[in-house]
Amino acid sequence: MKKSLRKGLLLSSLLPMFLNANTDENILSQDRLKQFELSEKKVIEDSSKLKKDWINPITLSYTKIDGEYTDSEKSVIRVNQPIFKSGGIYKAIKYANASEKYSNLDIDVQRKNLIKDAYETLFNINKIEFEIKKANYVVKNAQIDVIRKKEQVLNGFLDTSFLDNAILDANTAKKNLIDLKYQKSELINSFNNLASKDYKLFSLPTFELVSKKKFLNKNLELSKAKADIQTKYEYKGMTLSKYLPTVSATFDYTKNHKFSPTNTNIDDDSVHNVGISISMPLDVRTFNDIESTQIDYLKAKLSLKNKILEEQNFFKTKLEKIKTIERKIEITKDDYKLYNSLLDTIVEEKNAGLKTKSDVDTLLNSSMVKKIELKVYELEKQIELLKLYAKIE
């Protein structure tokens, strides 16, 4: 598996995909998930509203006049409904569908980024825990070195500058350990802002490999850019139709109520009219409005080209970063093997009285440092893979 992974990285044709794609959002708190749920509901309502925008409202009016000699009341129902808008009705519905798709993809991008942030923070918490363990071994070695240098100075083998440097190194190691512990608490607090549970209750995610082609085909940013093109295209058609002939059905119903101060009898008078009207606006801004939507459409198409280039280079950069980490892993593995072989020799020499316990402890601590470095590099690699995962549907 490791050989095939390395080969894939060198060919730059493979990338990771999160195995639990259907359950990964469970890491987010309920309030965060509720926000996305409400956003999706709003998209549905906004889309439904857009699909009905071509339907004119029915106008109801009521008028009452108190005159000097007579009082009057009038109720009016008026309908002026387009039934043909030179393709505008069809385009309005298509625009609503395209806009809904774009908005949902935008929410998906936001959700994926938030999930990525949560898991990246979780990875970094685990990484810094290993860094703290590593720092503890470094501090131990620094303290052993201080004791060793002190003995050598007192025995006249070294001058005090060597001891001063050893003390400075030990203090630097201790301060680094303090900083790491603070960074861990900072990361935990950041994780708690997003997550549904304590970080210790979550397992780190695992990945599988898919092709570069799938990365581009399933890329959320590219899908969003394509949906934006479709939205701009439908809006362009809808805008054009505004300046073409529109056929509308009209209906008016008027009910008059007349009152005489000398006669309490009510004389009802009702009138209704049904007709067809044809209209076409003549607006000096027509060309500018249409040309503006055409420019937006062309900009969206160029934006997709740029986004494809960006995503290809993003993919390439992450694979290069992963290959770099892989090389560091190989070097650290060699160092770890070397320390272990030296440790066996030092232990034998210590048993023979040729080396001291501090010599064994120093080498053992250095060996543990390398072992921990391997785990840190593996986590760093997973973080880079996670950044790729966040781009996939």
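K318 counts as buried, because its relative accessibility is 13% and the cut-off for that class is under 20%. The residue belongs to helix α7, which covers residues 286-351, in what is a predicted model. Once the neighbours within four places in sequence are set aside, the residues in contact with K318 are E384, K387 and L388.

**Packing of α3 with α6**

- Helix α3, made up of residues 88-154, packs with helix α6, made up of residues 220-241, at an angle of about 155°, and the axes of the two helices lie 8 Å apart.
- Since angles over 145 degrees fall in that class, α3 and α6 are therefore roughly antiparallel to each other.
- The crossing in which α3 passes α6 is left-handed.
- Sorted by class, the residues in the contact of α3 with α6 comprise eleven nonpolar, seven polar and ten charged ones.

**Elements of the chain**

- The chain holds eight helices and six strands.
- Read from the N terminus on, these elements follow the order α-β-α-β-β-α-α-β-α-α-β-β-α-α.

**Burial, contacts and surface of the chain**

- The chain has 393 residues, of which 35% count as buried, and K318 is one that falls in the buried class.

Definitions and conventions:
Residues numbered from 1 in each chain as written. Predicted model: local features only at pLDDT ≥ 70, side-chain atom pairs only at ≥ 80, totals over all residues. Heavy atoms only, no water. Axes fitted to C-alpha atoms, helices over the stretch in contact; angles between N-to-C directions. Helix = DSSP H or I, 4+ residues; strand = E, 2+ residues; numbered from the N terminus. Parallel < 35°, antiparallel > 145°, perpendicular 65-115°, else oblique. Left-handed = near helix turned anticlockwise from the far one by under 90°. Nonpolar A, V, L, I, M, F, W, Y, C, P; charged D, E, K, R; others polar. Buried < 20%, exposed > 50% of the residue type's maximum accessible area, 1.4 Å probe, protein only. Contact = heavy atoms within 4.5 Å.
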